[in-house]
Amino acid sequence: MEPHATTAQWDGELLTLHDSTQAVHAVRSTLAPVLGLEPPQVRVLAPYVGGGFGSKGLPHAPEVAAALAALALPGHPVRLAVTRQQMFALTGYRTATRSRVRLGAEPDGTLLALRHDATSQTSRIKEFAEQTATAARMMAAAPHRATTHRVAALDVAVPSWMRAPGEMPGMHAHEVALDELAVAAGVDPIDLRERNEPEVDPETGKPFNGRRLVECLRLGAERFGWSERPAEPRARAEGDWWVGTGVASATYPMLFSPGNTARVRSLGGGRYGVDVGAVDLGTGARTVLVQIAADALRVAPDCIDLAIGDTDLPFATVAGGSSGTSSWGSAIAAAAQQFRHDHGDSPDPGLHTEAASGAYPDTDGHALHSFGAVFAEARVHRWTGEVRVSRLHGVYSVGRVINPMTARSQLLGALTMGLSAALFEEGWRDPRTGHVVTQDLATYHVAAHADVLDLQAEWLDEEDHLSTPMGSRGIGEIGIVGTSAAVANATFHATGVRVRSLPITADHFLDT
């Protein structure tokens with residue numbers, strides 16, 4: 001992950017920041033009042049970010065420090081690049097989360113009651129809460145449900161978004177608990193989930209936009225060879241390795257940010273300029289937005305000149321929450337349609353139209369979510385406790401996939417991140433000072449390509465025009481939700497040892 005970096009310059013009238021951020025307009029709106037400037041006096045550019053993963057979704061102290069130094073040195077550019085060690089105190093980190101899940105069910109595993117109580121840490125200076133238990137409100141058809149969220153205010157630095165949404169640790173707890181219920185009831189984990197599928201959203205009573213979780217589970221089971229799985233844990237060994245398989249559901253809400261604005265300009269010769277203040281943090285937004293603009297204007301993609309990552313461009317919300325393509329793309333589609341209405345199919349050069357996306361999704365009539373199923377095969381060494389994941393497959397229902405190449409890359413990357421959370425990523429804090437001790441990639445381990453041999457991601461063929469004009473939904477976050485739970489469930493099936501914490505390290509299995 002590229003550390004945070006900002007270059008700022010004040011010319012006496014305009015403060016220009018070249019910032020590594022996921023939201024240029026958010027940086028301007030936050031910094032301007034802090035610095036005593038008007039928003040038009042601040043320009044923020046982020047044409048290339050180099051990775052954000054949520055931590056660059058909000059402005060942090062380094063932007064303020066660089067801006068203050070620039071204001072004190074008019075005419076001189078000031079650059080501040082945060083070191084890896086400084087990130088943990090200055091730019092946010094993933095908060096520790098604890099979940100308590102209680103399930104009440106019939107002997108066949110049909111849920112009667114579900115409760116998910118989540119606690120996370122925050123700073124005494126500023127409250128930050130994860131959406132840990134929200135998925136439990138709509139995942140199962142239990143007639144009695146309750147969720148709570150509590151934060152513990154500690155003398156620590158302020159946490160922030162980092163590496164995964166709050167649904168990730170919440171769904172880990174939920175899906176491991178369901179696996180325990182399946183074992184207690186003697187029911188196949190997939191059959192248990194199908195048995196508890198709701199017909200409508202249990203929380204709101206609204207129909208789903210197209211809940212295809214069961215199809216993801218069934219297709220994934222077929223691809224993965226789930227039918228060959230022995231029912232009992234600790235039933236398969238290959239040499240010195242216990243081998244097991246696990247499954248978990250994935251979900252993420254369809255998030256949409258209204259108010260995004262796009263501008264379409266005619267350049268002549270059949271070419272068009274498309275401007276929106278969005279940020280591509282490495283997920284392929286630049287490519288996908290060109291495709292959306294070309295489709296809406298009915299021209300080839302190479303006829304589009306896209307400009308993004310600049311507060312001089314029309315307003316755009318954060319590249320986060322799997323909402324970017326939906327929110328910015330809807331604005332581009334609206335601007336393109338209005339442009340054609342205003343200027344026709346053969347416009348003169350120099351004409352332009354701006355339009356906002358508005359509140360497109362059918363949030364009043366439907367519960368809008370994406371779903372998926374993750375399958376894992378884990379191998380646990382009988383003498384050392386070492387865990388290896390030999391297969392990791394995901395099947396998703398995410399609406400229309402606009403660019404299969406970038407979508408597959410995002411899902412494979414998210415699956416790898418979920419594997420990393422399951423087996424490796426562990427932060428340690430010094431109890432005397434509250435500072436994080438594991439401040440570099442030598443002591444904080446992350447998964448690499450070699451850590452999973454068979455990694456696959458696919459999706460159902462569908463379009464969801466209740467969510468966006470393009471028929472798409474976001475895909476950034478859902479690939480990591482449920483992944484660690486599938487790995488945890490696979491290690492139980494391999495060894496008969498249930499691990500309820502992350503990461504799942506070798507010491508948990510040494511007494512087996």
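1. Start with helix H4 (residues 167–185), which lies across strands S5 and S6 and runs at about 35° to S5. Helices (H or I, at least four residues) and strands (E, at least two) are DSSP runs, numbered from the N terminus. Axes are lines fitted to C-alpha atoms, for helices over the stretch in contact, and angles run from 0 to 180 degrees between N-to-C directions. Contact itself means heavy atoms within 4.5 Å.

2. Before going on, please keep in mind that this is a predicted model, where local features need pLDDT of at least 70, side-chain atom pairs count only at pLDDT 80 or more, and totals for chains, interfaces and linings use all residues. Residues are numbered from 1 along each chain as its sequence is written, and side-chain values use heavy atoms, with hydrogens and water left out.

3. Which sheet do S5 and S6 belong to? They sit in an open sheet of three strands, in the order S5-S6-S7 and with mixed pairing. Two strands pair if DSSP finds at least two bridges between them. In general, strands of a sheet pair through backbone hydrogen bonds, either parallel or antiparallel. Strand S5 (97–105) and strand S7 (144–154) are the edge strands, each with a single partner strand, so one side of each has no neighbour in the sheet. On average, neighbouring strands of this sheet are turned by 10° against each other, direction ignored. S5 and strand S6 (residues 111–123) pair in the antiparallel sense over nine bridges, and Gly104 stands opposite Ala113 in S6.

4. Another open sheet has four strands in the order S3-S2-S1-S4, again with mixed pairing. At its edges stand strand S3 (42–45) and strand S4 (78–81); each has a single partner strand, so one side of each is left without a neighbour in the sheet. From one strand to the next, the twist averages 15°. Strand S1 (residues 5–10) and S4 run antiparallel and are joined by four bridges, with Thr7 opposite Arg79 in S4.

5. Helix H1 (residues 24–35) touches strand S2 (15–19) and S3, and its direction makes about 150° with that of S3. Helix H2 (residues 61–72) touches S1, S2 and S4, and the direction of H2 makes about 25° with that of S1.

6. Is strand S14 (residues 369–381) buried or exposed? 13 of its 13 residues are buried, so S14 is largely enclosed by the rest of the structure. Here, buried means under 20% relative accessible area, exposed over 50%, and partly exposed in between (1.4 Å probe, protein chains only).

7. With strand S9 (residues 241–253), S14 pairs in the antiparallel sense over 13 bridges, and Thr245 has Glu377 in S14 as its bridge partner. With strand S15 (residues 387–397), S14 also pairs in the antiparallel sense, over 10 bridges; here the bridge partner of Ala376 is Leu392 in S15. S14 and S15 form a hairpin with five residues between them, and Gly385 in the turn has a positive phi of about 80°.

8. How many cavities of 30 Å³ or more does the structure hold? There are three. A cavity is a set of points on a 1 Å grid over the protein atoms alone where a 1.4 Å probe fits but cannot get out; lining residues have an atom within 4 Å of a point. Grid points are joined across faces, edges and corners, and a volume is the space filled by probe spheres set on the points. The largest cavity has about 60 Å³ of space. Its lining residues include His174, Glu175, Arg193 and Ser249, and helix H4 gives the largest share, three residues.

9. Finally, some backbone details to look up. Leu502 and Pro503 are joined by a cis peptide bond with omega of about 0°, and Pro503 lies in the segment after helix H10 (483–495). Ser322 is not a glycine, yet has a positive phi of about 50°. Ser322 sits in the loop between strand S12 (304–307) and helix H8 (324–343), and is buried, with a relative accessible area of 12%.

Note on methods
1 Å grid on protein atoms, 1.4 Å probe; cavity = no way out; pocket = protein on both sides within 12 Å on 5 of 7 lines; lining within 4 Å.
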